[in-house]
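Hello,

I am passing a structure on to you, and I hope you enjoy looking through it. My notes follow just below it.

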Amino acid sequence: MKRKVEITKNSFFELFSDAITLYELSVATQKTHIKKTLAKSSILSINYAIEAAANSFLSSIEISQKLKDQIDRFSSLDKFDYTLQWHKDISLPRGTTQTQIIKELIAQRNALVHPKIKIFTDTIETKPGEGKIAYQHQSNSHSEQVKSNISGISLDPETYTEKDAFIAIKALVDFLNCYVNDWWGIDLDTSALLLLPSWNGSIQAQPIIYERNSLETVLRHDPELKIKFIGLHGIFEQFQ
């Protein structure tokens, strides 16, 4: 049977799954520079997922296109705040640990996508090179990794590891758990409609679209992440 259907695309879950996949790859590799690159990419994907979630929740508000365009220029946290104020007449609890860590991740994301020139002093050891390389230069400095007092994540993206990536992933889960269940108080069916792709071709079941690889990836880590902002359990059995 062939038919035309309308699909509402939502990128949140795919971005969330991407972040976990990049974290897994960072864990698997033994090469330090690749581990760092994958961890950094994972944390950036979490930041993309933060913005996707904020925009998804905003879609629950019926406002004019002109106002939508204005709100689209808000920061991610302001978008979360606006949605809460619209539906519940309460402000986003910005003083909580969950929100503070998200604020911290966004600040690091801004530093990564808007890099600035840095000038610093270092001690370099120069040795004769091999082959076509005349000289090799290596830093002798071993600066300590500075970590956040709030989250424990490295404050220098150049020293990210898979541990920092997992902190970011867990931080997003903890924030959304609080946002959906405690602060907004919507049910899991509603959150699924807001955070996952959907279509109008479902006959009896929920109109939610699950991509198998993404679902498998997320569920592998649910015992540690403890996802409560969306109902995932019982879904995977449908694939068996």
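**Salt bridges and a buried threonine**

Glu-216 and Arg-212 are joined through their side chains by a salt bridge, with N and O 3.2 Å apart. Please keep in mind that this is a predicted model. Both residues belong to helix 8, where they sit 4 residues apart, or about one turn of the helix. Glu-216 is partly exposed, at 25% relative accessible area, and Arg-212 is also partly exposed, at 36%.

Leaving aside residues up to four places away in sequence, Thr-217 touches Ser-17, Ile-20, Thr-21 and Glu-24.

How many salt bridges does a search of the whole structure find? There are 11. Among them is the one between Arg-94 and Asp-78, whose closest N and O atoms are 2.7 Å apart. Arg-94 lies in the loop between helix 4 (76-88) and helix 5 (97-113), while Asp-78 is in helix 4, so this pair ties together parts 16 residues apart in sequence. Arg-94 is partly exposed, with a relative accessible area of 32%, and Asp-78 is partly exposed, also with 32%.

One more to look at is Asp-72 with Lys-79, a salt bridge with its closest N and O atoms 3.6 Å apart. Lys-79 is buried, at 0% relative accessible area.

Best wishes

Note on methods: Residues are numbered from 1 along each chain as its sequence is written. This is a predicted model: local features need pLDDT of at least 70, side-chain atom pairs count only at pLDDT 80 or more; totals for chains, interfaces and linings use all residues. Side-chain values use heavy atoms; hydrogens and water are left out. Contact means heavy atoms within 4.5 Å. A salt bridge is a side-chain nitrogen of Lys or Arg within 4 Å of a carboxyl oxygen of Asp or Glu. Buried means under 20% relative accessible area, exposed over 50%, partly exposed in between (1.4 Å probe, protein chains only). Helices (H or I, at least four residues) and strands (E, at least two) are DSSP runs, numbered from the N terminus.
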